[in-house]
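This report describes the overall build of a protein, the surroundings of its ligand and one of its helices. Please consult the sequence and structure shown below while reading.

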Amino acid sequence: MGRIKILPTIVVDQIAAGEVVERPASVVKELVENALDAGATAVTVELEDGGRAMIRVSDDGAGMDREDAVLAVDRHATSKIRTAPDLVGVATYGFRGEALASIAAVSTFELETAAADRGTRISVKGGRLDRVDDVARTRGTTATVRRLFANTPARRKFLRARRSETRAAVEALTVLALARLDVSFRLTSDGRTLLDAPRESSVAERIAALFGRNLAEQLIPVEYNTGYVSVRGLVQRPSDARPSGRKAHLFVNGRPFRDHFLVRAAEAGYRATIPAGMRPSLFLAIGVPGDRVDVNVHPAKLEVRFRDKRLVERAVEEAVRESLAPIAAAAAVAEPAPGFPVREAPAEQGSVAWEAPGAQPAQEVLFAAGQEQETAPSALLQIFNTYIVFETPEGMVVVDQHSAHERILYEQAMAELYGGEGGGQRLLLPVTLDLTPEELEAVEAHADLLSRVGYEVAPFGGRSVVLHAVPNPHPRFDAQRCFEELATDLARGRLGGIANRLERFAAMYGCRAAIMSGRGLSPAEMRELVRRLFACDLPPHDVHGRPALVTLSRTELERRFGRS
Ligand SMILES: Nc1ncnc2c1ncn2[C@@H]1O[C@H](COP(=O)(O)OP(=O)(O)OP(=O)(O)O)[C@@H](O)[C@H]1O
Ligand SMILES: [Mg+2]
């Protein structure tokens, strides 16, 4: 009896704060979101001791009058929604009316704000309103958080070293800076500037300001619409992807969110243009009607729930795949010189969801993926018996004959593996081959796949097999050598990084069956190779994460010769 008691409000608030305020970075996120919701055009964040000693966020937004300022620090006090249905398609970052109350419950909190020329200062100590004063200040708001978690020692103990807390805070601001190009952001830590992003008109420029020009130059534009879903943004060129250190940022209707499955879907869009384990950087803004996404599903609003998750995943995968197809997605021969304009998706000043990239350059129309061509556009030149060079309206293209052929055979093999029989050629005189026991076992295990690309294999007693039919991918194809190499690859588990069995097999086959470097090609052969390359889904990339072609743009040539 008498063991159950209603908790005092301050304890309730501290518990609730646990969900919203986990570390200094969460305070930065909430305060900056408020600044953006208030229409700020410039946001400044100051940290002391990784945010433990002080976090201050200043904005030039709408500010609050005295009455609102006092209310703002109460729980469930919000100006952003009035009724539950307002939550559908809510365009502001905030909507719960919890952030300021939660922050104030676990810190010493001060709010200075002015909607017009008269300002107000609110102090909250130990979760209770301490003072309300008049102050002189310009329009906008400054929120200062001191002694974070001083009254909740359990929380304070979980804070990491100053460097990691600072890094997390910078990351939180970075995410919002990617969402809002029309606002300038700045973060200083113990007086040092760690982030400085002026207002920008393009995502590429913002990415350059946040992560450096190097990354910005490795990105290709994405623009895709299907049904009610749109996908825009920038993704890393396959040949520039690395196993670690990538940036993956997703936005829906201008709101950052996390979604492991969508990142996976984007990676799936790369298919076999990157080896398994490579992690491309992704910046993708998804647009859906407000009622197709629920933003109120996570205590810190870090996740969202789509009505039709599969549809969005498919759109993202397809958007990425399509963006990799044009020649412009290929690696450039020359890195653009410093100060050289970045290929970018132009965006209007003030846009939240990034604008679509401009019209496709002429060359891409000429070589549109999947579009068969009668003849190649210009004379083809083979150099070093390895590369094929030709001209396009945009510049010069160098194709690696082996990589290109690998891409062609890979895609053809994938179609055959998924779609049934490939065209094997029956041999008048079957060929008998001796294999090692491991190779024999591997060949037997893959007999179905081998037959679908055209190899009809039967056991011949002991360690021998007999080939009754073989594929015929090109006139100089050495079916027997290719089969022996495939058997060895299969036995050794080559390309083990590719998880999908069919993809792995297709990549092995493509690699072994493709025409070699060092082979002279006739003009007709070169034309056919180039024609078939551009009939592929993803012409610019081979199946090992290398380019199948590289480009040298006319602009770059002109720059080099001082013509521009
Ligand atoms: N920087 C600011 N400028 C102007 N008004 C602000 C600012 N910060 C907060 N407010 C006002 O205070 C209210 C409460 O802010 P708070 O962050 O606690 O809740 P919210 O943003 O409405 O919802 P959420 O808890 O989801 O963030 C806001 O609705 C807004 O009206
Ligand atoms: Mg808020």
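Helices (H or I, at least four residues) and strands (E, at least two) are here DSSP runs, numbered from the N terminus. The model is predicted: local features need pLDDT of at least 70 and side-chain atom pairs count only at pLDDT 80 or more, while totals for chains, interfaces and linings use all residues. Residues are numbered from 1 along each chain as its sequence is written, and chains are lettered from A and ligands numbered from 1 in the order in which they are written.

**Ligand shell**

Helix 2 gives the most to the shell around ligand 1, namely 4 residues. Both helix 2 (24-37) and helix 4 (99-105) supply at least two residues of that shell. A residue counts as near the ligand if its C-beta atom, placed from the backbone, lies within 6 Å of it. Of the 24 residues around ligand 1, those that come nearest are Asn34, Ala38, Thr78, Gly94 and Ala99. The shell divides by class as follows.

| Class (members) | Residues in the shell around ligand 1 |
|---|---|
| Nonpolar (Ala, Val, Leu, Ile, Met, Phe, Trp, Tyr, Cys, Pro) | 10 residues |
| Polar (the others, Gly among them) | 8 residues |

**Overall build**

The protein has 18 helices and 23 strands, and its C-alpha atoms fill a box of roughly 100 × 75 × 40 Å along the principal axes. Of its 564 residues, 44% are buried, that is, have 20 or more other C-beta atoms within 10 Å of their own, whereas exposed residues have 12 or fewer and partly exposed ones lie in between, with C-beta atoms placed from the backbone. Two residues are in contact if their C-beta atoms, placed from the backbone, lie within 7 Å. Among contacts between residues at least 6 apart in sequence, 71% join residues at least 24 apart.

**Helix 15**

Within helix 15, the buried residues are Ala479, Phe483, Leu486, Ala487, Asp489 and Leu490. They lie on the same side of helix 15 because they cover an arc of only 165° around the axis, the arc being that of the directions from the helix axis to the C-beta atoms. These buried residues pack against strand 20 (425-434), helix 13 (437-445), strand 22 (464-470) and helix 16 (501-513). The face turned away from the buried side of helix 15 carries the exposed residues Gln480, Arg481 and Arg492. Glycine 493, with a positive phi near 65°, follows helix 15.

**Arginine 501**

Arginine 501 is found in helix 16. Arginine 501 is exposed, because 11 other C-beta atoms lie within 10 Å. The C-alpha atoms of arginine 501 and leucine 449 are separated by 9.6 Å, although these residues are 52 residues apart along the chain.
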